[in-house]
Amino acid sequence: MKKIFLGLIILSSQLAFAQKVTGVKVEKVEKEVPAQLSKEKINLYNANFLKFVEALKSSDRPAVDALLSDKVKEIVTDDILKKVKEGFDINKKLEILKTGYHKLMDGSSLPSINYKYAGDASSKEVIMAVFEEDGKILGVMPAKKTK
């Protein structure tokens, strides 16, 4: 009898302290991303990137800061800009290889353009530039392309 009474007390205490959850809706808001960038966006992003390369070439820090996103402007130091400058040949002419969206770790996607050196048929070295929607540069990633 004591075991039954103890079991009922435990069960009733759990029911007494249980919380009732009502009206919970989980909404996952996803921004619909188009498959391709528009010509106007490509022209804007490309112009900003070419201005960025020219500012790197002339070591014009105010011009570089004007083209960078506010999110990265505070963390980009002269050493980082030097590494970016050394990461690809800024004296060679660049041409657009591919445009699209770069998926971030948080699930969001940002516009990006992949560049290759003009006249390079193999396109082994690709420079990727990631932009915000307003055209500010969020990141530049030179990388060797392996096949």
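These are my notebook entries on a predicted model of one protein chain.

**Conventions.** I number residues from 1 along each chain as its sequence is written.

**Entry 1: overall layout.** I looked up the secondary structure, taking helices (H or I, at least four residues) and strands (E, at least two) as DSSP runs numbered from the N terminus. The protein chain has five helices and four strands, in the order α-α-α-α-α-β-β-β-β along the sequence. I then noted that 31% of its 147 residues are buried, where buried means under 20% relative accessible area, exposed over 50% and partly exposed in between (1.4 Å probe, protein chains only).

**Entry 2: strand β3.** I examined β3, residues 125-131, and found seven of its seven residues buried. In a regular strand the side chains alternate between the two faces of the sheet. I therefore checked each side in turn. E125, I127, A129 and F131 are buried on one side, and V126, M128 and V130 are buried on the other. Strand β2 (residues 109-117) pairs with β3 in the antiparallel sense over four bridges; pairing requires at least two DSSP bridges between the strands. Within this pairing, I113 stands opposite A129.

**Entry 3: aromatic rings.** I searched for ring pairs of Phe, Tyr and Trp (its six-membered ring), with centres within 6.5 Å; planes under 30 degrees apart count as stacked, over 60 as edge-to-face and the rest as tilted. The count is three aromatic pairs. Y45 and F131 are stacked, because their ring centres lie 4.8 Å apart and their planes meet at 10 degrees. Y45 belongs to helix α2 (residues 39-57) and F131 to strand β3, so this pair ties together parts 86 residues apart in sequence. Both residues, Y45 and F131, are buried. Elsewhere, ring pairs link F49, F52 and Y115 into a cluster.

**Entry 4: a charge over a ring.** I found the charged end of K92 over the ring of Y117, 4.9 Å from its centre. The criterion is NZ of Lys or CZ of Arg within 6 Å of the ring centre and within 35 degrees of the ring normal.

**Entry 5: L81.** I located L81 in helix α5 (residues 78-87). L81 is buried, its relative accessible area being 10%. Apart from neighbours within four places in sequence, L81 is in contact with F52, L56, R61, V64 and V76, contact meaning heavy atoms within 4.5 Å. L56 is 25 residues from L81 in sequence and 7.6 Å away in space, C-alpha to C-alpha.

Conventions. Predicted model: local features only at pLDDT ≥ 70, side-chain atom pairs only at ≥ 80, totals over all residues. Heavy atoms only, no water.
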